[in-house]
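Have the sequence and the 3D view open as you read along.

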Amino acid sequence: MEALLELADVVTRNKVKQIRTLKTCDCKPKEKVHEFYELITSGAITTDQDAIELLGYQDKRDRAYRKLKSQLEERLLNSVVFIDVHQPDFSDAQKAFYTCQRYMAISRILLGRAARRPAIKLLEKVLSYADRLELSEAARDAAISLREHHAFRTGNSREFRKYMNLSNKYSEICRAEDEAVQYFQQFSIASVKSVQGENQALFEDIMARIHPHLIEINSFRFHLTVYLLKMKHYSQSSDHTQVIAVCSEALAFFKTKPMAPMTMVAVFKIRQLEAYINLDDFENARKVFRQCDRQLEQGIVHWYNAYELYILLLFRARKYQSIRPVFEKVLQSQSYKHQTAKRHETFRMYQSFLHYLRLMHKVKWEPTKEFRLRKFLNEIPIHSQDKRGYNVTVLIIQILILIQTRQYDDLTDRIEAIEKYTSRYLRNDENFRSNCFIKMLLQVPKRNFHKVAVLRHAKPYIEKLATVPLLKSKQSYEIEIIPYEHLWEYVLESLEAGQIKEPS
């Protein structure tokens, strides 16, 4: 009761007349600040220009408008404290984290106002939660405050030693965690510009520095950071076997940690799935996808990632007829319309290849909406602006559809633009396969769509393509949706069906 009395006294002496949030009665629907908030959350306002037009201000420098923005910001910040962490989309680990953060902030305020009993009670709760869920920073801060309390207020040497040992323990863990995070950040920055040999040397140096802590430190955050570092290195090295090994080790470690959030588990599952696809291991990839489908909530980001990769797997394995139900399940998901523009573009790309396969009679599927090539090309601004190779996928599907639909004049007219693109953007090693395949496709209009002539002139590029198999290519998996070797078979089928005499 003494702690409760102290707490009531602090609130009574220091309370404000109103806590201005967006949910209290002082923020009425007729108020401008409420209107501003509703327009932002509805998506009607995304810029200052939108706001001044809809709310009736002269410009963004208008004093009244700046005051309104300040009021809304203040109420939003006040509302953050009252976020309901008991909603279904908060994991147990997230609930504990936010609860600890809130309790720590409140305890510091109470200590500042000399309300020690409720503050100490909160700090003991924080330490209990943080110790159980391995929230090292919160545990360290709570232990330090409790150590100080018993050193200067109670004089209880037994309690002082207890919290001194805990604060030392968690300080050491925090140092190791911070060191691992710094190394991971250092490697991430270096890997942007460094060549592979330099990355390998840096990775080995970092792992040598981290190694002493691997046995001593058992915290979730420390080992998670190390696994992320390893996964990044092996992914960049295209060492897919090692990626799978790291993911398996991480997933086994997570099973020993009840605080491991499903989002982190999903990250490693997705990378494992990606690696199996890159190794052309259909059965293991399908097994991992099924695990993702069972464990991940439909509509979350990682659920979409898993389905996106699984569709790619089905394309690679020529399981074309199996794609339709998977593809439609994604598009019919309620949250699909809220996904990123890049996600929408990827599925439009998948749709374009399904359309091509339908034209080739490789799939039996009548889509609800007719596919229009021109409309498709206009709807993919991110790919069309890309200069690193992704745009080649758009270019290839465009050529394939024009060949299959016998639009020879349109294709012939585009030869110059296609050659210009390949000479300018497809020179790097990671685009080698794409470069070869584009050169192969260009022989089709150049050789008047005659199969024998096309094969003869495409032979050098076919041989070059064979020197770098898809599994050894360093290009992003997003570029080659259907292996070029498969697509070349279909091109030859198209030429066979629409045979034109070889020019003399």
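In this predicted model, the buried residues of helix 22 are Arg-433, Ser-434, Asn-435, Cys-436, Phe-437, Ile-438, Met-440, Leu-441, Leu-442, Gln-443, Val-444 and Pro-445. That is 12 of the 15 residues, so the helix counts as mostly covered. Helix 22 covers residues 432-446 and reaches 21 Å from its first C-alpha to its last, close to the 21 Å expected at 1.5 Å a residue. Just after helix 22, Asn-448 takes a positive phi of about 60 degrees.

Ser-473 belongs to the loop that runs between helix 23 (451-467) and helix 24 (484-497). Is Ser-473 buried or exposed? Its relative accessibility is 8%, and because the cut-off for buried is under 20%, Ser-473 counts as buried.

Now for two helix pairs. Two packed helices are described by the angle between their axes and the distance between the axes. Here are those values:

| Helix pair | Axes come within | Crossing angle |
|---|---|---|
| Helix 12 (residues 262-278) and helix 14 (residues 301-316) | 10 Å | roughly 10 degrees |
| Helix 15 (residues 323-331) and helix 16 (residues 341-359) | 12 Å | roughly 150 degrees |

With the axes crossing at roughly 10 degrees, helix 12 is roughly parallel to helix 14, because angles under 35 degrees count that way. On the helix 12 side, the contact is made by Thr-263, Ala-266, Val-267, Ile-270, Leu-273, Glu-274, Ile-277 and Asn-278. Their partners in helix 14 are His-302, Asn-305, Ala-306, Leu-309, Leu-312, Leu-313 and Arg-316. By class, the residues of this contact divide into 9 nonpolar, 4 polar and 2 charged.

How do helix 15 and helix 16 run relative to each other, parallel or antiparallel? Their axes cross at roughly 150 degrees, and angles over 145 degrees count as roughly antiparallel, so helix 15 is roughly antiparallel to helix 16. The crossing of helix 15 past helix 16 is left-handed. Which residues meet there? Helix 15 brings Ile-323, Phe-327, Val-330 and Leu-331, while helix 16 brings Phe-347, Tyr-350, Gln-351 and Leu-354. This contact has 7 nonpolar residues, 1 polar residue and no charged ones.

Technical notes:
Residues numbered from 1 in each chain as written. Predicted model: local features only at pLDDT ≥ 70, side-chain atom pairs only at ≥ 80, totals over all residues. Heavy atoms only, no water. Axes fitted to C-alpha atoms, helices over the stretch in contact; angles between N-to-C directions. Helix = DSSP H or I, 4+ residues; strand = E, 2+ residues; numbered from the N terminus. Parallel < 35°, antiparallel > 145°, perpendicular 65-115°, else oblique. Left-handed = near helix turned anticlockwise from the far one by under 90°. Contact = heavy atoms within 4.5 Å. Nonpolar A, V, L, I, M, F, W, Y, C, P; charged D, E, K, R; others polar. Expected span 1.5 Å × (residues − 1). Buried < 20%, exposed > 50% of the residue type's maximum accessible area, 1.4 Å probe, protein only.
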